[in-house]
Amino acid sequence: MRIVIDLQCCQNAPEPAALQLARDLVSRPGAHEFIIALSDRYPGTVEALRAAFAPLLPRDRVRLFELPAPDSHPGAHWRARAAQLIRNNFIASLDADAVFVPHQAKAAGAVFSAPSAHDPYATVIGGQDDADAASVMQQLLEAAASHTPPAAGARPRLAYISPLPPEKSGIADYSAELVPELARFYDVELVVSQDNADDPRLLPFPLRTVDWFEEHAHQFDRVLYHFGNSHAHQHMFELIRRHPGIVVLHDFFFSGILDNLEREGKIPQGFLGALYESHGYTGLIDHASIGRNPAIWKYPLNKGVLEHASGVIVHSDFSRELATQWYGPTADDGWRTVPLLRGKVEAADGPGARSAARARLKLRKDDYLVCSFGMLGRTKLNEELLDAFLDSPLAADPHCKLVFVGQNEGGLYGATLAKKIADSAAAKRISITGFVTPGAYADYLCACDTAVQLRSATRGETSAAVLDCLLYGAPTIVNAHGSTASISPNLLVMLPDAFSVAELSAALTQLHGDARRREGLSQRAAAFMLAEHNPARVGELVADAIEHFAANGRLFHYQRLLREMARIPGAAVPSDADLGDCARAIAFNNAHSPQRQLFVDVSAVVTTDLKTGIQRVVRSVLLAMLRNPPPGYRIEPVFSTGSNRSYHYARQFSLGFIGETGLALEDAPIDMRPGDTFLGLDLFTNGTSQNEQLLQSMRDHGVNIYFVVYDILPMLRPDVFPYGTEQYFGDFLRTVSKVADGVVCISRAVADELSDWIGREGIQRAAPLQIGWFHLGADIDASAPSYGLPDNAATVMAAVAARPSFLIVGTVEPRKGHAQALAAIELLWSQGVDINFVVVGKQGWMVDKIVERMASHPEREQRLFWLPGVSDEMLQQLYAKCSALLAPSEGEGFGLPLIEAAQHGIAIIARKIPVFQEVAGEHALYFDGLAPDDLARAIQAFLALHQQGQAPASAGMPWLTWSASAQQLLNAVDKQQWYKTLPGAAA
């Protein structure tokens, strides 16, 4: 049983007894699911209450609902009543069996109201002074057991949207059988895009055009769509967006039809738009890499249909498995699995049906007929069946025939198959019928002695042909692929999914020689189909599913809410502001998508990409995440302009980032939902501080908040940063420490420094703060590298080839040690040591003197080379040719140049600081001291060791790809693998 506990009473005023009672209820053993409901009107209480339940409930079981703000203007009564209805609608949308309100809040601003008799759940109101968990639980069980859902009204009017005969579609034939069964429960009207429907069973029902339905859709009580991956459904993809309804999902993949509709100009950007909508930038990147046809086979492109469905009916659990595989573990919540309706044609029923069918097909009494049903094609493995038949004894038996009942594939595959048949010794006993009438199709089903139905690369459909074979009692051979794999092996012969021709040939031979087994399979299959798939039973199940969705689906709750809001008695006409506030609250409360969003903040890159080290990390990690998102997530880059203004989707940036030019998307405000995750990947200091209230509100609303911290050097060494940096960077860290669920640092050293700093600052928060760390990647080729060589590239590389060269990489700033390095090199030059000094990095702050020295140095362009802003291509060449990397920095977050140098096998001379030792370990030569002579001695020692072949080798240094680096980051954010926990002050 699902129980919602409305804890507004604990938000409005301290209610320790009510809170304890709620905790006691949640702590009781039993198979009950609890959800804590909190109001957004008391934002300061949410974190403490969530922390109070943290040991007892998953975070997503504490849900915040939005309400329009209270007001005293003339529409205040309307707002107050609307708030009550919106609260009740939120509770109902949780599919609660019962609701417990520990204490009916009486203070001003409380929004509790007992639900009306029309609400689909029972409510228990308890005073906290005289109740205990056991008695309340008993009341809830009794209330739920005695609760009676509202009675159904008159016969509902049903719009039935599907292809119908004479369309050459299995779904059309299916609908001709299903509609008369549904007519027992509904007034059915048929909505079609075809000119006519010629099946006699459909003649009693009104036939409506799509245009007519567009005008009259509001008059229907129920709308039922049948979706498949063919042109017969082309009008439905846009129609369901305007008029949502219940969807019968016959195929899981719609990529084929959407590709066709895009190519034909019927839905502009239909394929690409659906690819982004369903699979995000990951799908777009993969599409650009593998091409259109492989993408069609790989990606379903069905999210637009599923998100506008007020309920989903499938014919096998295989489609549900695909939904969870593509969109997350809750993607199929609430779906109904209903057997695929199958009924025999009248002429095929009865004891003489088989003999009559064989006579019509001109079969002799001793003919042994093997059939395969359905359109032929590569995915139907028709050639494998032909090969198995030809390899079996059946091919030499003049009484054995093989018939492919269906239309041959019109391309090379079909031509090759036809030629192989014609060239075989059994050619006169093997045939392809082409398209047949329903009567002839039934004759072959009645007449065949063995059916073979094979499949590869399923599109998520339930095979009607397999079920038809079972329905008619044909002993059937299948491979365990897609939905067919779930059929009991007691009913048919099940080969492995990836079977061999020899295995299929053996199965054909075994059935041919075992009449008793064929008879047993036939009887069991026919009995099963009569019990499970007969039209009357399936019609009842479909009607039951429709009514379930009508009474419990999100669309039903939403429509009821609008009706009740329109009938609020004695209220002034609501203003636009009233309606806008209510719309925002309803939209958030009803937000539902099984696929969670991982918002990756790229604000600094979007607004001012300085192409510094951090921006390079942001681009690299982002690209790795886009290529391989964690299961159940879609990656959405976002940006903000600060001042607590909403984050927006960074769609224009992202499309340019991945090189997609075929789509135009709007940078709309983010549509956040409980369970989404925000990752502050970019270093957006001032904007993050300005957004503290917004971020806390997002966290209160159920969004998980995480930040990456690259270093805290402005707090540890404020002397080497411009005036004011300590203040604004401190504000950034304090905001992060307050609003985040977790912080992931780029090294263990930074994680320790941050933990110590938070402790010294005395930052208070209710919930614990998780601290983690990961290491950066170092495969430049996977980081969207830049290309191009500077004008003096040839001069630089010639000098590097002429003498030992020492490379320093990084922005020129005080802590990086450029001044000490230059002084050490000058000292060695004065001692006659002939070496190069190569500086790669832009000018930073507080370095005017060292910049002037380098710019005017007499060795400039001789043995001193300063290359600000070079490309990754040039940097790679320098790494490959220089003798050693100098890393004299006095403080770092990670030290990426150390790993990049190690990849090229050049030696490393590094200052002995914790982070460099963490990254390089024993693979570097370390030095201490800030004097020029300290580094000069280290360089001289290296030159001596290098000459003797004894210098520390960097080549064995461990390093990560950007893909592995992103995975380490996601291990913390998604898998909750943390380094340490800073305790919070529990509620």
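Of the 987 residues in the protein, 56% are buried in this predicted model. The accessible surface amounts to about 40000 Å², and carbon and sulfur atoms contribute 53% of that surface. The C-alpha trace extends over about 110 × 85 × 50 Å along its principal axes. The secondary structure consists of 39 helices and 32 strands. Among the contacts with a separation of 6 or more, 76% are between residues 24 or more positions apart.

Charged side chains were counted for the protein as a whole. There are 109 negative and 85 positive side chains. The centres of these two sets are 3 Å apart.

Aromatic rings form 21 pairs in the protein. One of these joins Phe707 and Phe732, whose ring centres lie 6.5 Å apart. The planes of the two rings stand at 85°, and the pair is therefore edge-to-face, given that planes over 60 degrees apart are assigned to that class. Phe707 belongs to strand E23, which covers residues 704-709, while Phe732 belongs to helix H30, which covers residues 725-739. The pair thus ties together a strand and a helix through residues that are 25 positions apart in sequence. Phe707 has a relative accessibility of 1% and counts as buried. Phe732 is likewise buried, at a relative accessible area of 2%. Both residues are also members of an aromatic cluster that includes Tyr647, Phe678 and Phe729.

No disulfides are found in the model. For Cys9, the nearest cysteine sulfur is that of Cys10, at a distance of 3.8 Å. Cys9 is in no disulfide, because a disulfide requires two cysteine sulfur atoms within 2.5 Å. The relative accessible area of Cys9 is 4%, so this residue is buried. Cys882 is also classed as buried, because its relative accessibility is 5% and the class takes in values under 20%.

Several local backbone features occur in loops. Pro165 and Pro166 are joined by a cis peptide bond, with omega at about 20°. Pro166 is located in the loop that connects strand E6 (157-161) with helix H6 (170-182).

Positive phi values in residues other than glycine are found at Asp95 and at Asn644. For Asp95, phi is near 55°. This residue is placed in the loop between helix H4 (76-93) and strand E4 (98-101). Asp95 has a relative accessible area of 43% and is therefore partly exposed, since that class lies between the limits of 20% and 50%. For Asn644, phi is near 60°. Asn644 lies in the loop between two strands, E20 (633-639) and E21 (648-649). With a relative accessibility of 31%, Asn644 counts as partly exposed.

Key. Residues are numbered from 1 along each chain as its sequence is written. This is a predicted model: local features need pLDDT of at least 70, side-chain atom pairs count only at pLDDT 80 or more; totals for chains, interfaces and linings use all residues. Side-chain values use heavy atoms; hydrogens and water are left out. Buried means under 20% relative accessible area, exposed over 50%, partly exposed in between (1.4 Å probe, protein chains only). Helices (H or I, at least four residues) and strands (E, at least two) are DSSP runs, numbered from the N terminus. Contact means heavy atoms within 4.5 Å. Accessible areas come from the Shrake-Rupley method with a 1.4 Å probe; for residues, only the protein chains shown count as cover. Lys and Arg count as positive and Asp and Glu as negative; His and the chain ends are not counted. The place of a charge is taken as NZ of Lys, CZ of Arg, CG of Asp or CD of Glu. Rings of Phe, Tyr and Trp (its six-membered ring) pair if their centres lie within 6.5 Å; planes under 30 degrees apart count as stacked, over 60 as edge-to-face and the rest as tilted.
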